[in-house]
Amino acid sequence: MTDITIRPARSEHLAALRAIELAAFETLRQAGAVSGAPVANSLDALHQLCREGVLLVAFAPGDIPVGFAGAEITENWLHIAEADVHPDWQRQGVGRRLVHALLAEGKARGLNGASLTTDRNAPFNAPFYASLGFAIVEGNAISPRLKALLAAETLAGLDPKRRVAMQLCY
């Protein structure tokens, strides 16, 4: 794999991260995970992840952002809110390195573990996270926080039959 470096995001990277997220939307569309017009986090939401959570960027040689992963810290959990890799850089281990870096940050902070919500069927979503040690949480095992996130995703138009909550305990 090409030499990729992972570093914390800075304000000047945020517009590029939005562009990566919009480009990656098409990969999700092709997998049936999303439909409609491409959407991305706002610059304000990305700034908030920088200030209050963890926002990491994968850089290709020449300091070119090619992917990013961001997480919020709530209830002593690292919640992965977004992880995207530009289509030109997908399937090269960039996403795996980003998620490993997020998990290491959460562990270093002494958190309980990591959580996320994702598409159940797309091979680069739930199956990818399972390969990193995440397990699907269902029924009474889903925390109120994750239930609320899944409900909000349904209200935003995502298919609840495709959505799943996952956790990894440290």
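Author: The side chain of arginine 163 makes a polar contact with the side chain of glutamate 153, at 2.8 Å; a polar contact is a pair of N or O atoms within 3.5 Å, where, within protein, one must be able to donate a hydrogen and the other to accept it, and residues adjacent in sequence count only if both atoms are side-chain atoms. This is a predicted model, in which local features need pLDDT of at least 70 and side-chain atom pairs count only at pLDDT 80 or more, while totals for chains, interfaces and linings use all residues. Residues are numbered from 1 along each chain as its sequence is written, and side-chain values use heavy atoms, with hydrogens and water left out.

Arginine 163 is buried, with a relative accessible area of 14%, where buried means under 20% relative accessible area, with a 1.4 Å probe and protein chains only. Not counting residues up to four places away in sequence, arginine 163 touches Thr117, Thr118, Asp119, Arg120, Leu150, Glu153 and Leu158, contact meaning heavy atoms within 4.5 Å.

Arginine 163 lies in strand E7, residues 163-169; strands (at least two residues) and helices (H or I, at least four) are DSSP runs, numbered from the N terminus. E7 belongs to an open sheet of seven strands with mixed pairing, in the order E1-E2-E3-E4-E5-E7-E6, and two strands pair if DSSP finds at least two bridges between them. The edge strands, each pairing on one side only, are E1 (5-8) and E6 (135-137). E6 pairs with E7 in the antiparallel sense over three bridges, and glutamine 167 in E7 is the bridge partner of alanine 135.

Helix H3 (residues 94-108) lies across several strands, E7 among them. Val94, Leu98, Val99, Leu102, Leu103 and Gly106 are buried in H3, and glycine 110, whose phi is positive, near 75 degrees, follows the helix.

The largest nonpolar core has 27 residues, and Val99, Leu102, Tyr129 and Phe134 are those with the most contacts inside it; such a core is a set of buried Ala, Val, Leu, Ile, Met, Phe, Trp, Tyr and Cys residues joined through side-chain atoms within 4.5 Å. E7 is one of the elements that each supply at least two residues of this core, and H3 gives the most to this core, with five residues. Leaving aside neighbours within four places in sequence, leucine 102 is in contact with residues including Val54, Leu56, Ile80 and Tyr170.

Methods: Buried means under 20% relative accessible area, exposed over 50%, partly exposed in between (1.4 Å probe, protein chains only). Axes are lines fitted to C-alpha atoms, for helices over the stretch in contact, and angles run from 0 to 180 degrees between N-to-C directions.
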